Amino acid sequence: MKPLLLTLQAVGPYAGRQTIDFRAVLDSGLFGIYGATGSGKSTIFSAMTFALFGEAARSEQHAATLRSDHADAGLLTEVELVFESAGRTYRIVRQPEQTRPAKRGGGETKEAHKAWLFDVTGLDLETLSDTNPGKVLAETKIKIVDDAIEKLLGYGAAQFRQIVLLPQGRFEAFLSADTKERLEILRDLFDVSLYRRLTERLKADADAAEKKVAAARAACIARLSAENFATMDALAEGIADADIRHRDQSDAAAKAKAEWDAALQAYQAAAQTDAQFVEHLTAEQSLATLDASRPEIDALTDRLKLARIVASLADAASARDTARTDVDSARQRQTTAVERLKYAESQAQRARQMRDGLAQKSAAIESKKTELHTLRDHAARLTTSATLRLAATAAQSTARESSTAVETVKATLATLTSRKEATDKALTATQSAQLQRAQLNATASHLRERLTAAKAYEDATQKLSSAQTSLQRAEADAASAATARQTAETAFATAETALLENHAAHLAAHLNPGEPCAVCGSADHPAPARSTSGSQRLDEIYARAKAALDAARTRANEAATQFQIAKQTLTERQAALASVPPPAQSAAALATELQSITADLSRLGAPADESALSASRDMLDSEIADATTALERAQDAERDAAKSFAAAQQSLDDAIAAIPAALRDTAVLQSAIASLIQAITDFDRDTKAAALADQTAAAKHAAALRETETIAAEVERLTAHLTRVEQSFADRLAANGLTTAEYDRRKSDVPDIPNIEARIRQYDDLRAAAVDRLQRAANAIATLARPDLTSLASARDTAANAFDTLNTAATQAAARLDQLRKLQSDLAAEGQRLDALEKETAPLRELSEAFSGKTYQKIDLETFAISTLFDRVLDAANLRLSPMTRGRYSLVRETAGQGNARRGLGIAVEDTYTGRQRPTSTLSGGETFIAALALALGLSDIVESSHGSVRLDTIFIDEGFGSLDSENDGGTLETVLQTLQDLVGTTRAVGLISHVPLVQQAIPNGFFVTKTPGGSHIEVRA
């Protein structure tokens, strides 16, 4: 990156607009920026860093503090940098977050951080401005601009401060940094993320493999513990015991099965004999039940007899019903005929009355014919006056249009007058609202600042209270966990003692007099240990006590750690609260006030445009004047149109004076004529229709009279036939001994005759079968005695229950044996698999530890990769350091370290005077500056050579030369300056910031910053 033009506006000590043209000094290679302390030399670096990355030269300085205290309130702080990179020219403009006076109503408004990036390659730099900015590459969003800059340069703000801009006192920090700090810097400059990812991947794979084996072994132990076995040997003993138990249970179950089979056979034989006795009793009960239903069957037989008689009389009953139906139908027809006769008589009478009424209207119709003749004369006269009517209508329309135009202009004038009054009121209200809005905005801004401070204080107070509560809880948890740990330790000691005593008793049980002890070898056994009751569960009790102790210790350690963390948190939050001043009002009260102010601003609404309202009022005045003139012209036209209409109407009235006023309208007159014609036509039509209707009605009356007489004779004939049929049916009922009522009651049984017959036959068949069944059952038990089935069943059930119990025990014993054998097989196979897996993954774990730095050298893979590049940095630095120290010092990398700290990027100084290495902290102030400068220059060289996209065309060095002695005291300053002079060339320039006079004399080219009470100024030095 090569800076060309840097423009500062209202930045730091620079009140106005200052431009630094680097083009004049870059060709010389080495140039300076000089001035008194505090004049603003370092501000130039901060401005350049802010232009590129939105940050100041010092990372702890906020960009908003770049605002100049000398500048006018209305002049915005802005930095513009034109620079070259990779053969192209770019222009970047930035404005930090700042406040400025509001454009309306007083007060201040906040401007957000803004940035613009342009490509100005090929443009004349002297003509660049806001109107000729260049091609836009990024704007509006800060992050987009920042990303574009970092992509162009190949580094960010942190790296810029390390390899391009070497701030005052900061580049020496790299010299004294430890491996961890230096690694963070170099990691960003040299992309070795591949090695870090590889290390992380190997560690993850190794951890996963180790956890997999550990989890699998823990699962095996858990499976043994779940079956109450501590070891595989104990499992083998358990399998032997289970095998013996299974054989014993199987033998007992086989014996019980034989006893159950014998009892079952005895019970089944007795059950067959008892079933024959039950059958005999059932046959007797079945026959008795059938005999009890005999009266019901006799009643059904009587019903069947009567139903068959009723069925034989069906033809006579059908003839009687048919005759009754015929008589009823004839009487209905007779009634209908009488009704039709009455209707025909009424229709004939109405037709005669209509005919007579029309005859009486003939005189009135003649009068209408005379009136029709008169109206036709009026129509002819009205037709001849059509021209005069058209002229009068046109004149009337013109008069109406003139009146409408007058009203329209009046309405327009009224609207304009009303709008002008409203505009005057709005203009007055706007001026008042602008004043109120300015006052409210100022108050709201002050309230927001106080609200932010109050919220910070309340948040710190709340966090402190929470930390105190957490500390109390953590302290109580720690005490409780410590007590639990002590209890668990006591319980474990007890369980361990009991287990050891039990093991001693187990060994004592195998001691024989005169034979040596397996533990001590003695043949004398004066006091063998004795086991206690429940000793078989001591392993389980010991395992539980051990697990409880481990858990209690873990919990106690965790609780103690949490207690210390809570204490540290409380201390931090007490300090945080102490750093925040207490507010005069609570945040809630301030928020309420701010809400009230905001509500007042909302009620004021958006600010109106006062100039627009004034312009609108002037326009309305002009429009009102035009509307007044238009009204006068419209009123004149209205008077002329009224006169023309009156004259045309008088001519028309004279022409139609003989026509009645009601008939002077053509449509009314034609309607009257059409009405008369219609009335005359309707009368002629109605007269003819009435005569025809009278003839038709008389004919219909005569036909209805004849029909009535015919139907009356038919009714008389059918009634006589019905009487004869009913008498014949009554005679047949009497011959069969039935009454009419009994016949009607029995009719419902006729359709059920087949069902009644079937039920009687079914009963007879069932009784015969029941008699036969009873006889056979009696024959079967004639020579038998009934057995005691209950006692035999009890014996069978007892034997079955005994077999079930023993068989279940045998099955469970077999399942237990199979389960334990399978567990033994599974665990043996799993152990072999885990041994093989552990052996297989051993190289992976070893490689992971080596890559992670868990070796005696404590150097991980990433640090090793960076260290190879760092060796190149030191080589490049020594090329600068050796001549500046007259060959005395060189920088070397050291890998030794203390404790578990990272190592591999340490720096030591090799002193040729002593032939030994010593720490960089032993160098003097001037020596430290020279070594740090050499290291920074070497770092810049290697970064540029290792990154094709990174070009370090210009390097800036801020101060430090005051610590060097001049020619009379050793000439270190001259040597350093000569080294820097050798560094520059056609492709690189170095800028020095210094207040040392000798530096200014040695390097005259550059810029001089002059400090005045009104702000600093920059001048070019040739």
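Predicted model: local features only at pLDDT ≥ 70, side-chain atom pairs only at ≥ 80, totals over all residues.

Q: Which residue of E4 does Lys-2 stand opposite?
A: Lys-2 is placed opposite Glu-84 of E4.

Q: And how many bridges are there between E1 and E2?
A: Six bridges pair E1 with strand E2 (residues 14-21), again in the antiparallel sense. Thr-7 faces Thr-19 of E2, and Gln-9 has Arg-17 in E2 as its bridge partner.

Q: Is E1 mostly covered or open to the outside?
A: Strand E1 is mostly covered, as nine of its 10 residues are buried.

Q: What is the strand order in the sheet?
A: The order is E2-E1-E4-E5-E8-E9, an open sheet of six strands with antiparallel pairing. The twist from one strand to the next averages 15°.

Q: Which strands stand at the edges, and why is one side of each left without a neighbour?
A: E2 and strand E9 (135-139) are at the edges. Each has a single partner strand, so one of its sides has no neighbour in the sheet.

Q: Which helix lies across E4, E5, E8 and E9?
A: Helix H3 (residues 142-153) lies across E4, strand E5 (88-95), strand E8 (114-119) and E9. The angle between H3 and E8 is about 40°.

Q: Changing topic: how do H8 and H18 cross?
A: The axes of helix H8 (residues 232-292) and helix H18 (residues 753-780) come within 8 Å and cross at roughly 150°. Angles over 145 degrees count as roughly antiparallel, and H8 and H18 are therefore roughly antiparallel to each other. Their crossing is left-handed.

Q: Which residues make that contact?
A: On the H8 side they include Gln-276, His-280, Ala-283, Leu-287 and Asp-291. H18 contributes residues including Tyr-763, Arg-767, Ala-770, Leu-774 and Ala-778.

Q: How do the residues of the contact divide into nonpolar, polar and charged?
A: The contact of H8 with H18 has 11 nonpolar, four polar and five charged residues. Among the charged ones are Glu-279 and Glu-284 of H8 and Arg-773 of H18.

Key:
Residues numbered from 1 in each chain as written. Heavy atoms only, no water. Buried < 20%, exposed > 50% of the residue type's maximum accessible area, 1.4 Å probe, protein only. Helix = DSSP H or I, 4+ residues; strand = E, 2+ residues; numbered from the N terminus. Pairing = 2+ DSSP bridges. Axes fitted to C-alpha atoms, helices over the stretch in contact; angles between N-to-C directions. Parallel < 35°, antiparallel > 145°, perpendicular 65-115°, else oblique. Left-handed = near helix turned anticlockwise from the far one by under 90°. Contact = heavy atoms within 4.5 Å.
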